[in-house]
Every structure is written in C-alpha cells, then in structure tokens.
Amino acid sequence: MVKEKLVSKQYRKRSRAGEVWHRLRKNKGAMAGLAIIIILALIAIFADVLVDYDTDVIGMTLKDRLQHPSKAHIMGTDDLGRDIFSRLIYGSRFSLSVGVVAVAIAVVVGVILGAFAGYYTGGIVEDIIMRFTDIFAAVPNMLMAIVIVAALGANTLNLMISVGVTSIPQFVRTTRAAVLTVTGQEYIESARAIGESETKIIFKHILPNCLSPIIVRVTLRVSSAIISASSLSFLGLGVPAPAPEWGSMLSSGRAYLRGYSYMTLFPGLAIMITVLAFNMVGDGLRDALDPKLKK
Amino acid sequence: MHRYVIKRILLLIPVIIGVSFMIYFIMDLAPGDIITQLVGEDASEEQIMALKHQYGYDRSVFYRYGKYMLGLLHGDLGTSYITKKPVWDMYITRLPKTFWLAVGASVVAIGLSIPLGIVSAVKSGSLIDNSCMVLALLGLSMPNFWLGLLLIIEFSLNLGWVPSGGFRGFSSVILPAITIGTGHMAVMTRTTRSSMIDVIRQDYLRTARAKGVSERKVITKHAFRNAFIPILTIIGGQLCAGIGGAVITESVFSWPGVGRLIIDYVHQCDVPVVTDAIIMTTIITGVIHLAVDLLYAVVDPRIKGKYSRKGIRRVRVKKEAA
Amino acid sequence: MKKLLVSLICVFLICGFVFAGGSGEQKSASAGEIKYKDSVVCADGSQITTGDPQAINNLQHNRLFKCSHNTLVSYNTAEAKYEPELATSWEWSPDLLTLTLKLRDDVTFQNGEKFTAKDVEYSYKRIMEMNSTASSKFVGVLDHVEVVDDYTVKLVLVKPNVDWLDTLALPLASIVNQKAIEADELKGPWIGTGMWIITDLEEGDFVHMVKNDNYWGEKTETRELTLRYISESSARLIALQNGEVDVCIGPASTEKSYVLEDPNLELIEIPSATCCYFAFNTSKGPGSDENLRLALAHCINYDDVILGASSGEGTRAITNWGPITYGYYDGFGDYTYDLELAKQYLAKSAYKTLTISVKDSARLRAAQIIQANAKEIGLTINIEELEAAALTAKSAFKTAEHESMIYTLGWNSYGDDASRAYGKGSNTNKATLSDDRVMELLELGRSCTDDTQRKQYYAEIQTLNHEHAWYLPLFYTELSVAINKGVSGVIWEGHQSHDYSRIEVSL
C-alpha cells in the first residue's frame, strides 16, 4: 500500500497537472460543469455590457409589476416591476463573488491553521487550534453570521466575511488530516535534516503535497457558500437592496410562491445550476486527483 | 476502551467552556439587549436601570458569564429571560421533535443515496453514473424553503395525505424529513460512490466472484459492508447537524424544533436559552461522534484494537481524512 | 444491512403511529339546530411565550389574555364607549385624580377563589413592580389602589389622565389571583376569571385552552380553543384550506385569491389602525434640515409606495395619526407631487444624501421606491437593512443614530396614544422630536375634559407635523383575516387584538 503510493507520487511529480487535466477531460460531467462555470464567469464580468444597471436592474415600473414571463420580459417581472432576467444576469456578480471570496477567506485562514495543527501534531499548538476549531464549529452558522453582520453592518463584504468565517473549521480539519499523512514521508525528514526552517518546510514541502483534498473541498465549498449566502439573504442579512443577489431575489419571491412561482423559479434555477456546476467539477477533480481511481 | 471513552468525554469540557464563553461574548456584541425586549420601547429610565441591575447588565459580560458558569457547575442551566421558564424544560420539549426530524431526514437520505451511490459506483463513468450524481446534487442545490413549500402544496393541500405542518405524529415528519434528507443526499451519495469504488476492485471481491457468488450478492453483501465506514461517518455527521436544528425547514413546516428555539431567542437576546441550547447540542454532537467511532469497531473488528492508547491518534487521523 | 434499514424504518413507523394516536378531532352534536365544532384552532404568525398577562403587551398575547383573563372595563370599538366587565360602574372624582369602581360580586377565578377588590389591588401592584412591557403603562400614572370594601375599589392617579379607562381595558390590566401566583410562580398567572382555562402552553408551538364551566358570563358551544403558531404565511393559509385551523391571521396579499375562490372560506377585511410612515431623525444629520424633509415630502409617489409595499392594499394616510384614534385630523390635505418644488427645497438644503433604515421586506420595498423617487430630484438615498433588535437599539430616543426610517405604529383608540409618536423620551418617537409646542399640546390634551378643545390640541399637533414634515405619513395597512365560513362570535379589532373568547364554528 505504502509502496504503491510512493511510486505514484514519483510518477505524479513529473507531469502532475497535465495528467490530472487529461483525466479530468475524460469526465463529461466535470467538463460540462467547467463550461457552465466559465460561461457564468463571463456573464458576471460582462454584466455591465449585457444589461443597463440603472434602467434594467434597479429601475422600477410599478405598473408592470408581477408580470408572468412574456416576450417583453422573458422571465417576468418582480413585485416592484423589475425585469427578472436582467436582475439574474447582474446578480451573477454578487452570487459568484460572494461564493468565491468567502471561500478564499476560509482557505487562507483554514489552511494555515490546519497546516500548523497537522505539523506540530501532539503538541500544545495542535490542541489549541483544534479545540478552537471545535468551538467555532459548535456555534451555529446562522448565529455567527447574524452577529458578524450585525457588528460590522450589512454589506456585501461583511456577507462574504461571515460566510467565510463559518467555513474555516472545515478547511482546518481537511488540511490537518492531509498534512498528517504527508508529514511522515521521507522527504520531509530529509528537509529537516538539511536544517530548513519549519515555516519553509510547511509552506514549501508539505502544503503543495496536500493540495488535492483542499482543491476538492474548495470547489464543493463554493457551492455551499452560495447557498449559505442565499439563506442569509432569506433572513434579511444579505446584499443590501436594491442590488440583485440571487438569494435575496429568491427570498423576496417567497411571498409570491403560489401564483407567481416564476419569481422563485428562475433565481432558484440559477443557484441550482451554479451549485451543480461547481459540484460536478469538484467531483471530477476528486476522481482525477485520486490515484486509486486511475484506470 | 473505557479509557478512550472517558478521554473523549473529558475533551468535551474545554470545548463546552469555550463555546459558552464565545456565545456570551457574541451575544454581548450583537445589537439590541434583553432589557428593551422585556420593557418594550417606551419604558422609563428607572425601569431600565432596575432591570439592568436585576439581570447583571450594569456589570461586565465577564461577571454575567461567571455567574452563569457558577450555576452550570451546580447543574442549573438557568432561567429564560423571556419566558421565565427553566431553560432545561424548554429545551427538552423541543429535543424529541428535532430528534425525530433528524432521524427521519437520515432515513430519507440513506434510503435514497445508498442505492444511488452503489449504482453509480458499479456503473462508474457511465451516463447512469453521471445522472445519479446530478440527481443527488439536485437535492442539495434546491433551497429548502422552496422545496418545502412545494411539497406542502402538493402532498398536503392537493392530495391531502399529510398535515401541512406542526408536530402531529408520524405523518407530519415525512415532508420535512424529505426536505432536509434530500439536502443531505449529495454528500452521502458521493461518499457511498467513492468508497464503493475503492472496495470494488479489491482482490477478495474477485475471489468471491470466482467462487460463484452472484454479482448482486457480491456488491450488496461483500463490497458494501466494507465500504460502510466512511458512510457511517457521514451519517453521524448528518445526525449531528440535524440535532442542531434546521431553521429554515423548521419555519416552513412550523416545526417546534431546536433550530428555531435558538434563532427565535437569538433575536430576542435571551442569552441563557441560546447558550444552553448550543451547549446541549455540542454535548449531543460529541456523544454521537463518539458512538460512531465505537460503531466502527462493530462494523470492522480490526479497528477494535486501535482503541488502545496507541491506536487512538491513528483512528482520529483516519476519520478526519475521510 | 438491509435488515438493519428495514428494522430502523419499522421502529420509526411504530413510534410515529403511537404519536399520531392522540391527534384525532372529535365533532359532536350540541344544543339547538346548528351544530358547533368542539375544538377550534386559530393560527397566527407570531409566537406566544407566556401566559402571564402582566409580563408582556403585544398583539398575539393580548388575543390570548382576552380569552383567559378579564379586565375591569372593556372598550367597545364599534360603539366607541367603555363597557363594564369585572366592574359594574365607575365614577371620576371632580379633580380627575380618583376613579372609584364598583365590582361584580359573582365572579370566581378558575382555581375556585372568589374575586374581590383585594385582587384588583394585588394585580395592579404586581404590574407596577413587575418591570415588564406592561408596567410602563402603569408606572408614573397610577399612584396607589385603595380597597374600600370587598366590591369597591378606588384608583388614585399621580396626575389627571382622561385616558386612564383605556389603560384599564388593555389585557395587561387583567386581574390575576394572588393565591395562585404564590402557589406557582410560573403557571399561577395563567389563572384568571375568563371563559378559557390555559391548560398547556408550548412556546413556539401552541397554547391550548379548555372552557371554564364556572365562567360568570355567557358561555359558548366551543369546548376547546387552541392558538397555533405558524410563522410562514403560505403554510398558514394552506393549514386553513386543509381544515387544520379555522382562523388564519394575515394571509399574504398575493394569496387572497385562494381564499375568495374557496367556497368554505371567507376573507375578512378590517379597517386598520396601523399607520406606516416615514420618520426623519430631526435631532441631527440630514433629518434636522426642514428643506430636505420637505423636498422628500413632495417627490414621493405615494401611490407607488402603497402599490409596491403592500400590493396596493393600503389606504393613503394624510396624517400619521390612527384613523380610529381620538383627535384624528386631516384638514391640511396631501403633499402635492411636485418635482420642481421638491428640487427647490433640495437646492436650499446642504444635504444631498440620506440613509433609510428598514427591517422587513415590506418596508424594504417601500424604501426602494422612495429611493427611486428621490433619485429624480438628485437626492441620493442609501438603504440600510437591519435586524429588528438592531434597529430598535439604533433608533431609541437616547441613541437616535438613524438618519431616517420607515416605521409602522399600531394606534390605540385613546388620544394620549400620540405620546408614543410625539412624546419626548418615548422610544417610539422615531423622529426624536422634542418640540416645545408639541410637548405642551400633549400635556394639555392629557388632562382636558372638553371634547372640542381637546380635539383642537391634537389637530394642532398634526398640522405642525404636516408643516415641518417630521413624519411623512405613507399609508394605513389593510388587515385581513381568512376564516372558515362557519366562524362566528369573534370581535375583530383594527388594532388587531381580536377577541376570540366567544368564538364558535358551525359545522
């Protein structure tokens, strides 16, 4: 078992990224997911070109409120007479960036803490970090988010922070477990023997070899961050009005679910597709990064 | 074994202290305070001062926390500011409802995702595999309040099979359990799939096949049994998440569970209720995790030996890696 | 493994059936030709947390206490007069400082104790010492209670207050029993003299009551009454359509058509006493600039606000006073929608931006429309969405850190209720007003017995508000309740503290 791992490690070292990409490309689901993510990213980047913020996204025509999908408004209009399609397009900016930035925050903090906990295993550093992680994980996400948003104020950045903070424990645990498996390897011992500094060992030798579980966790976590953000919007703690965030669009349509279901249908679908895409890529990456699954 | 169980339970103590302090601190930072909740917006200055004194809000958060911990040491979970009831009573009337919902959700999740996971593992890489995964992901990506209301409209209003909400016996558990359970499906299906794939290619399965055991039996009996440990971890994790309550699903189904207890009283700044409910959740979660770890030994006798002092760390590492 | 799963599911099923066993609904015949339901359920979107009438003062609790407890007098909104309840008659002293009440001598509490003047003394003393939302109505108003004899009681006030009877009619002034409370601090206050005995209260779920067979007044056919908490409006309406509940407070405005289509249901529209208005913080910042206030007053498209915020189901408010509140006056008319005029006002103001703080989705929608309106005259509006507790703390009279906010106030019928919106120090004075003339007028109104004179005082307050635009009235919310067609006997109130105590549901 150990032998196998070492062999594949040497093999991987040569053209690891290339080989992973090769395997990923064979996975149709993952490629479809990747394509969707790229399209969504493009939509988000060019949202300004596609729709006009002042007239289409936040401009209200109250006489046109609650119109079912038609030629003029292909996804209908909401309760303030705004075009849902335009708002969805523009909303991709907020939803995607909340997901990505929140996870970035969690990754930076979580990976560093996790790496130290895994490297200094058995010591007081590990105990402190892990107990703090336990404590953080025990506080309900919603409570944490409410407090963060309440203390810092409701805006997009704070939404990202609160979703990010609640994802930290997962990254600490994932990273620590991965680091533990790597720390025992011989090349780490040799790096120590040469007398390299511990921080350098952690960041240069250990972390690069722990990337695969972290990458997988990232892709999966982006999608749950998008869902968390929309749940927070559901509780009124999201992106401030009138900016269109998918979650807040979804929750404002809640009162109109019966009779005007399109108001929740389209933002719901948008979230669903995005989450699906990130998950498919995550699953594909997991398979591609797992040497055991190599055919 | 005993030593291991005791150690795990003792490890909960610092976590509980940390959690309770953090909640106290966080609730202190949060806007609004219990005094306004109690006397309302148009109270006089004297009233406010008197109440502040009564609840210790004229002193620092550390004083209040210390007083609370002192009570906790004597086994007194305190009294709710709002309802004036012992918090324990409030929590214990909610716990069974949350428990049934958590169990129901797990049953739904297990019932749906294990077959899906096995099928996708067996047909790994095929169109069936991909569609199974998409199906599992659908549950995750559908917002709970949306799915919940759709289920109510269809099964309660149109078909009249089940009540629309509230805790009204077995039939009322079904819809919320489906709502939460389908959300758990994605992770569980994925775990089942990948651990089945791990097992499926192992030599002893080839041996079993060679011996003439039917393919169906090979998969369900030999392979699945060995793939069960990671799945058990996930089930444990989901039960724990369930015990903490599911706020949104609980509101849609007017389910009087722990999740809404916490959120409702967070909004009303009732510190003892929130702190106690979260402490209890932490304890139960810890116990479930422990039970799952001990169940490993039942499922896989090889693990038993690892609960000796030396083995403990290895087991923990393995669990977290999963 | 399969076996394990199957057995798990079986255990689950069995437990479920055991639970389900108790929840059947019985129907039985009763006197007369019409048959009534034995057990009635009313659903609401707010939860009941206590059965102690003196601990809390809000709508959902008031509805409960009107069933379980009694007050000395009650107010008949339809006829606009006070009616005897536990008191048979009352009399003011000439200096308006003492109110003498004669009490009923045939009333017993639900625990069998006899009701006497001592209970009135105990109850009112308890409110004063309680430090609850209820006690603020008594502290500083009532000085002490004198027991004259078993069935006569004298209430001595600190200063004249012609609205005192109204306070006595509020559910928070319910009479409780000393013995019961001393025996059980938690459930003792549940015991009142009302028709309904609270048997079970699970906060966040339901309150269950059974009929008190020894009730002193006229009794109903209904035997059990349950108030259920269903927070989601869609789910609440579905419960009504399913027949699980008989009354559904506040169906979503977009879902009213389902009620109208259903032959078994009925929609009740109640003229509301709740006014939604825009409040500037006049103590500092942009809100202290009258030009800015008037600029906004003239640029808001009020019809759009009503349409957007309440789906058009609100009535335009000219003044922020309650429509059924004593002293209502709207002779000054509406602000004209005039963008040029608004621009002129804005040009005179140093401020060009304003932040609106809001807490729920209806107010958020209203704020978004005002934001769009203000943009047309070049006034930038930021919207700040806050958690309810945060907004309360931020906009309290002493803190007053908000720039402006949208607020809804449920008005009572008595004139001095205006102190809540205009009185100095009141935390619901969201404009942070401390205008001397207004304070003087409120003081005058409180102790004036001359009807015309008193109405003039209140009219002047409203005219001042119109001129200075401290509060911009937006609309009166429309109240609706969806009910099972058979429901009768409920007194529907504009201030939403409906009286369910005589509810009957014919089959």
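**Strands and contacts in a predicted model**

User: In this predicted model, how many bridges join β14(C) to strand β18 of chain C?

Analyst: The model is predicted. Strand β18 covers residues 471–477 of chain C, and β14(C) runs antiparallel to it. One bridge pairs Arg316(C) with Phe475(C) in β18(C). The number of bridges that join the two strands is three.

User: Which strands of chain C stand at the edges of the open sheet, and why is one side of each left without a neighbour?

Analyst: The open sheet has six strands with mixed pairing, in the order β14-β18-β13-β17-β15-β16 (chain C). A strand at the edge has a single partner strand, so one side is left without a neighbour in the sheet. The edge strands are β14 (314–316) and β16 of chain C.

User: At about what angle to β18(C) does α9(C) run?

Analyst: Helix α9(C) lies across two strands of chain C, β14 and β18. Another helix, α11(C), packs on the sheet and touches β15, β16, β17 and β18 of chain C. For α9(C), the angle to β18(C) is about 50°.

User: Which element gives the most to the side of chain C that touches chain A?

Analyst: The contact takes 22 residues from chain C and 18 residues from chain A. On the chain C side, the elements that give two or more residues are α6 (233–241), α9 (302–310), α11 (361–375) and β16 (380–385). With seven residues, the element that gives the most is α11(C).

User: What percentage of the residues of chain B count as buried?

Analyst: Chain B has 15 helices and zero strands. A residue counts as buried if 20 or more other C-beta atoms lie within 10 Å of its own. Of the 322 residues of chain B, the buried share is 48%.

Notes. Residues numbered from 1 in each chain as written. Chains lettered and ligands numbered in written order. Predicted model: local features only at pLDDT ≥ 70, side-chain atom pairs only at ≥ 80, totals over all residues. Helix = DSSP H or I, 4+ residues; strand = E, 2+ residues; numbered from the N terminus. Buried ≥ 20, exposed ≤ 12 C-beta atoms within 10 Å, placed from the backbone. Contact = placed C-beta atoms within 7 Å. Pairing = 2+ DSSP bridges. Axes fitted to C-alpha atoms, helices over the stretch in contact; angles between N-to-C directions.
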